Amino acid sequence: MAKYFSLIWVLYLVFGQKICAQSPDSPTTEILKNIQSVENNLSGTDGAGKDSAWNILSRMNHYNIKGVSIAIIHNYKTEWVRGYGLADEASHRAVTPETRFQAASISKSLNAVGILKLAQENKVDLQADINQYLTDWKFPYDAKANGKKISTIELLSHTAGLNVHGFPGYERGTPIPTVVQILDGQPPANSPAIRSVTEPGLRSEYSGG
């Protein structure tokens with residue numbers, strides 16, 4: 001425990017950070033144990049490449065992470081939420097459960113769970129052509145697809161043969177494109193049109209597109 005609090009103090013000295021911990025309700029003893037387990041048992045390797053248990057604060061210190069938010073969902077309900085570090089260094093504003101972070105590609109896993117739930121309920125055929133489900137826009141197949149259709153499972157597994165690795169996002173005050181404009185790479189979208197680069201199912205290649 002002394003080591004744990006010393007890490008908090010070290011982190012505060014290095015970053016000038018405060019630790020903010022909150023849960024939806026008053027945490028039970030069991031939940032507190034779960035919180036401590038998550039905080040103190042992160043997997044990783046030490047400088048010699050050997051497996052080592054990491055504390056969340058030491059992990060933040062190591063990677064110079066200013067702020068982190070964690071939410072644990074159990075049986076479809078938020079069991080606990082905690083914020084660590086600062087959302088803003090200049091004002092020393094602490095991270096709270098209300099602090100907004102850019103979800104980015106973390107959303108892919110949540111999206112996949114939702115789609116698999118629909119498949120489990122027979123509302124989506126994972127092997128069917130994606131154009132069967134697209135309404136406002138249809139994927140424009142071309143010769144690079146080699147006559148093959150893209151399936152939902154190929155999108156989820158990054159084997160659809162699509163381009164656009166990632167998206168830079170948009171600055172405040174700049175025009176925000178529609179989803180269709182992003183898909184077709186039309187202004188004000190700042191990324192290329194999402195198209196085939198290889199036939200679907202040929203290989204695994206990461207594609208944010």
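Please keep in mind that the model is predicted. The protein chain has six helices and four strands, and buried residues make up 28% of its 209 residues. Seven salt bridges are found in the structure, and the largest nonpolar core holds nine residues.

**Overall layout**

- Reading from the N terminus, the elements of the protein chain follow the order α-β-α-α-β-β-β-α-α-α.
- Of the contacts in the protein chain with a separation of 6 or more, 55% are between residues 24 or more positions apart.
- The protein chain has an accessible surface of about 13,800 Å², and carbon and sulfur atoms account for 55% of that surface.

**Nonpolar cores**

- As general background, nonpolar side chains tend to be buried together in soluble globular proteins.
- The largest nonpolar core here consists of Ile-130, Trp-137, Phe-139, Ile-150, Ala-160, Leu-162, Val-164, Leu-183 and Ile-194.
- Apart from this core lies another one, of eight residues, including Ile-31, Leu-57, Met-60 and Tyr-84.

**Salt bridges**

- Glu-39 pairs with Arg-82 in a salt bridge whose closest N and O atoms are 2.8 Å apart.
- This pair links distant parts of the chain, with Glu-39 in helix H2 (residues 29-40) and Arg-82 in strand S3 (residues 77-88), 43 residues apart.
- Both partners, Glu-39 and Arg-82, are buried.
- Lys-148 forms a salt bridge with Glu-199, and here the closest N and O atoms are 2.6 Å apart.
- That pair also links distant parts of the chain: Lys-148 sits in the loop between helix H4 (106-120) and helix H5 (152-156), while Glu-199 sits in the segment after helix H6 (179-184), 51 residues away.
- Lys-148 counts as partly exposed because its relative accessibility is 40%, whereas Glu-199 is buried, at a relative accessible area of 15%.
- Arg-195 and Asp-184 form a salt bridge too, with their closest N and O atoms 2.9 Å apart.
- Arg-195 lies in the segment after H6 and Asp-184 in helix H6, eleven residues apart.
- Arg-195 is partly exposed, with a relative accessible area of 23%, and Asp-184 is partly exposed, with 22%.

- The 15 residues of H4 should span 21 Å at 1.5 Å a residue, and the end C-alpha atoms are 22 Å apart, so the two values agree.
- Ala-112, Ile-115 and Ala-119 are the buried residues to look at in H4.
- Those residues cover an arc of only 70° around the axis, and therefore lie on the same side of H4.
- H5 is part of what covers the buried residues of H4.
- Just after H4, Asn-122 takes a positive phi of about 60°.

Methods. Residues numbered from 1 in each chain as written. Predicted model: local features only at pLDDT ≥ 70, side-chain atom pairs only at ≥ 80, totals over all residues. Heavy atoms only, no water. Core = buried A, V, L, I, M, F, W, Y, C linked by side-chain atoms within 4.5 Å. Buried < 20%, exposed > 50% of the residue type's maximum accessible area, 1.4 Å probe, protein only. Helix = DSSP H or I, 4+ residues; strand = E, 2+ residues; numbered from the N terminus. Contact = heavy atoms within 4.5 Å. Areas by Shrake-Rupley, 256 points an atom, 1.4 Å probe, with all protein chains shown as cover. Salt bridge = Lys/Arg side-chain N within 4 Å of Asp/Glu carboxyl O. Expected span 1.5 Å × (residues − 1). Arc of directions from axis to C-beta.
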